[in-house]
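Subject: Structure handover and notes

Hello,

Here is the structure I promised to pass on. My notes follow below it.

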Amino acid sequence: MTAIAVSPQNAKKSGNKANKLDAAATPAPLDGGQALIKCLENNGVEFIWGLSGGSAIPIFDAIITTKTKIKMVLVRHEQGATHMADGYARATGKPGVVLVTSGPGATNTITGIMTAHMDSVPMIVITGQTISPMIGKDAFQEADVFGLTMPVVKHSYMVKSANDIPRIMKEAFHIATTGRPGPVVIDVPKDLSSGLCTAPLDPEMDLPGYGEPPPIDLHQVQAIAAALSRSTKPLILCGHGALISHASAAVRELAEKLGAPVANTLLGKGGFPEDHPLSLGMLGMHGTAYANKAMAECDLIMSIGSRYDDRITGKTSQFCKNAVRIHIDIDWAEINKMIQVHHYCVGDARAVVEELIKHVARLDTKAWLSHLDGYKKHHPLKYKMQGGLKMQQVLDELNKMLPPDAIVTTDVGQHQMWAAQFIKTIQPDTWISSGGAGTMGFGFPSAIGAQFGKPHAQVWAIVGDGGFQMTLCELATACIHKLPVKILVLNNHYLGMVRQWQELFYESRESGVNLEGNPDFAKLAEAYPGAKGLTLKRPADIRKILKRAMEYKEGPCLINVECIKSENVYPMVPAGRPVEDMILEAPKTKLEKPTGST
Amino acid sequence: MTTSPILSTSNTTTAPVHTLSVYVANNPGVLARIAQCFSRRGFNIESLVVSPAMDGKFSRMTIGASGNPEGLEQIIKQVSKLIDVLRCVDHTGDDAVIKELVMIKVGVSPAERAEVLQIGEHFGCKNLDMTETSMILMFAGKTEKIDMAIRMLKKFRIIELVRTGKIVMSRGEGVS
């Protein structure tokens, strides 16, 4: 991604020489790139994940000339940089920062930006741009990044003057991290990052369209409390918003006070401890049978920070049609978007739940809880131990061995669903998975970002052979920084989830799913200096190999797990069907093609 | 944008046309962002007028859009969410003042001139240009009046026509 570009370096140099004379009296003036780095420092940024190129050189140069303490992590593909920033943000709550060059460097970040946007992750993506006079003239490595990223960002900026940089940085961080978080893109032309910035580094923001949120409407809270008081079969749905607002203690207090069971979405895992007696685990398309039964039979469902996504609702016209439906969400646009609700409260999940607790009392849920316990006994998650090495068994064993503060990231596919089912998430911010976007390649780099953010935690990336191959070049990044990330490659030599759909709905016609030509992943890992590669083929060896991986601390450790191809994820609610059509095991009759979105 | 520039499609289709006024910060890209909220959901923007508001830091947009009411509610919320948007109001069904303007260039022979001017006078037009063979008439008013004026002039040779699209303001003292 390097480019040779002409920039007015010489003029700048002589200017700096003159200024060195009175450096003792006043600090040397900053150029745009240096101002940008200083602003990142002022926002508490610890890491920048990036890859250089011609248009971004002034900013990369500023990393050295400002002598910043921020650590620049050089990745091997810009997509990896975005997923690292994403994993860091989900693990720590702080925005992840990405720095890339113009043209293809910037376009390589679009997938990662979209991933963060779908899952409301705070991220700042700084892209170099060709010099201002060349914009729109199809310059070398020029791309309309502002236009390309518009639908997948929370907001974006095209810098028009170096003096705007401090205000834009301040606004960008504010926008990315407040309200419903999201990615912000800042496009910086090279002449502006090289040009002088004389503006103060901490100016006023100018955001007339983005103000303080209004206070919580107490009437709405009281209406929700009243609805709860009439319920004997309630279900609390814990979503990502509960984690973003640090509401897990409040959710637990609410659930215990009410005596109400709690199901979580894929991204809500950890918002309520999955080993708690009131927990039903994940619900939805591949949720547990008992969580889905609770959803089908409850008389009240209350979402705390979940947007009632189609993976949860199935056929929206049938979703909880006889139950009182409640929605607590920070984003007003999500209310009544997927399903019509009876009561809602717009606001920060934690603030709303803490207020709600004051207005509720214990409900008469003894019969309901006992009924659900019956479902837990009769329809537990299960798998056969015979007939070859299964992903479910490996994950089940891993779950028993993980410390409660271990961080688990996943890629996308069958392994992701089984990990969601069998890894019981106890603490918040320890489960990192691409939900809304379902981006293959997310698992490994996000684990790298999480490890940077939580250097003392044990971090496991659970990936499939398909997704891992999309971003495995970041093994270099992990090795250079000696990150002890464990990479569990659940390798069935297939794009398993699609193969499952083809088996169930397309009469087993396999098309575009056979991953022939996989490398020996253990050997591949060891081609990177400092990485360890292990192979797991027999169930009897599971604990032994997992333990060896846990003990290796000099760098990343990859385990290639040779799994059987023919397993399918159950339960399954086919897309667009109501939850009552949940399939618990391999169907005996032919199934109709699902009509919902994939 | 509508493909039939002559008549507003509210006369030819049954989809209701909603009128939104949007008050925005005058920053680069704000128009594109708002248009994307519509295009992404397959909604048709019938007309769009944007110009600086009283305070030049801000702009007022008036958007005429057609589509199902449910989808439109979601679009209004998404437009309101945009960082550069201060407010987005749906005036459909309100007792608001809604006007637009059209300039029509008509090819007229001297014999036809009188009739054209008669029609123009009835609809309160201003005569902007007059030559041996053509004249430009400007009409301002409600959309339905503009549509009717155009229909009446169709029997003559309409050389070209441009409409501004609606602008809207709520009645009384309050701000739209």
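Is A:Lys67 buried or exposed? With 7 C-beta neighbours inside 10 Å, A:Lys67 counts as exposed. The cut-offs are these: 20 or more other C-beta atoms within 10 Å make a residue buried, 12 or fewer make it exposed, and anything in between is partly exposed, with C-beta atoms placed from the backbone.

Some ground rules. The model is predicted, so local features need pLDDT of at least 70 and side-chain atom pairs count only at pLDDT 80 or more, while totals for chains, interfaces and linings use all residues. Residues are numbered from 1 along each chain as its sequence is written, and chains are lettered from A and ligands numbered from 1 in the order in which they are written.

A:Lys67 is not a glycine, yet has a positive phi of about 55°. A:Lys67 sits in the loop between α3 (57-65) and β3 (71-74) of chain A. Helices (H or I, at least four residues) and strands (E, at least two) are DSSP runs, numbered from the N terminus.

A:Cys320 is another non-glycine with a positive phi, about 45°. Its loop runs between α14 (310-313) and β13 (324-329) of chain A. A:Cys320 is buried, with 23 other C-beta atoms within 10 Å.

There is also a cis peptide bond between A:Tyr570 and A:Pro571, with omega about -5°. A:Pro571 belongs to the segment after β20 (557-562) of chain A.

Helix α6 of chain A

This helix covers residues 110-118 and is mostly covered, with seven of its nine residues buried. The buried residues are A:Ile110, A:Thr111, A:Gly112, A:Ile113, A:Thr115, A:Ala116 and A:His117. They pack against α4 (78-92), α5 (104-107), β5 (123-129), α7 (145-149) and β7 (183-189) of chain A. Contact here means that the C-beta atoms of two residues, placed from the backbone, lie within 7 Å. Just after α6(A), A:Ser120 takes a positive phi of about 55°.

Helix pairs in chain A

The axes of α4(A) and α6(A) come within 7 Å and cross at roughly 25°. That makes α4(A) roughly parallel to α6(A). From α4(A), the contact uses A:Gln79, A:Thr82, A:His83 and A:Asp86; from α6(A), it uses A:Thr111, A:Gly112, A:Ile113, A:Thr115 and A:Ala116. By class, that contact has two nonpolar, six polar and one charged residues.

On classes: Ala, Val, Leu, Ile, Met, Phe, Trp, Tyr, Cys and Pro count as nonpolar, Asp, Glu, Lys and Arg as charged, and the others, Gly among them, as polar. On geometry: axes are lines fitted to C-alpha atoms, for helices over the stretch in contact, and angles run from 0 to 180 degrees between N-to-C directions. Angles under 35 degrees count as roughly parallel, over 145 as roughly antiparallel, 65 to 115 as roughly perpendicular and the rest as oblique.

Next, α10 (residues 218-229) and α15 (residues 349-357) of chain A. Their axes come within 10 Å and cross at roughly 55°. α10(A) and α15(A) are therefore oblique to each other. A:Val221, A:Ile224 and A:Ala225 of α10(A) meet A:Val352, A:Glu355 and A:Leu356 of α15(A). Five of these contact residues are nonpolar, none polar and one charged.

Domains of chain A

Chain A is divided into domain 1 (9-197), domain 2 (218-378) and domain 3 (391-570). The bounds come from an automatic or database domain assignment. The C-alpha centres of domains 1 and 2 of chain A lie 40 Å apart. Five residues of domain 1 of chain A are in contact with five residues of domain 2 of chain A.

Chain B

Chain B has four helices and nine strands. Of its 176 residues, 27% count as buried. Its C-alpha trace spans about 55 × 35 × 30 Å along the principal axes.

The domain assignment gives domain 1 (9-93) and domain 2 (97-169) of chain B. Their C-alpha centres lie 27 Å apart. The contact takes nine residues from domain 1 of chain B and seven residues from domain 2 of chain B. On the domain 1 side, β1 (17-25), β2 (44-52) and β3 (58-66) of chain B each supply at least two residues. The largest share, three residues, comes from β2(B).

Best regards
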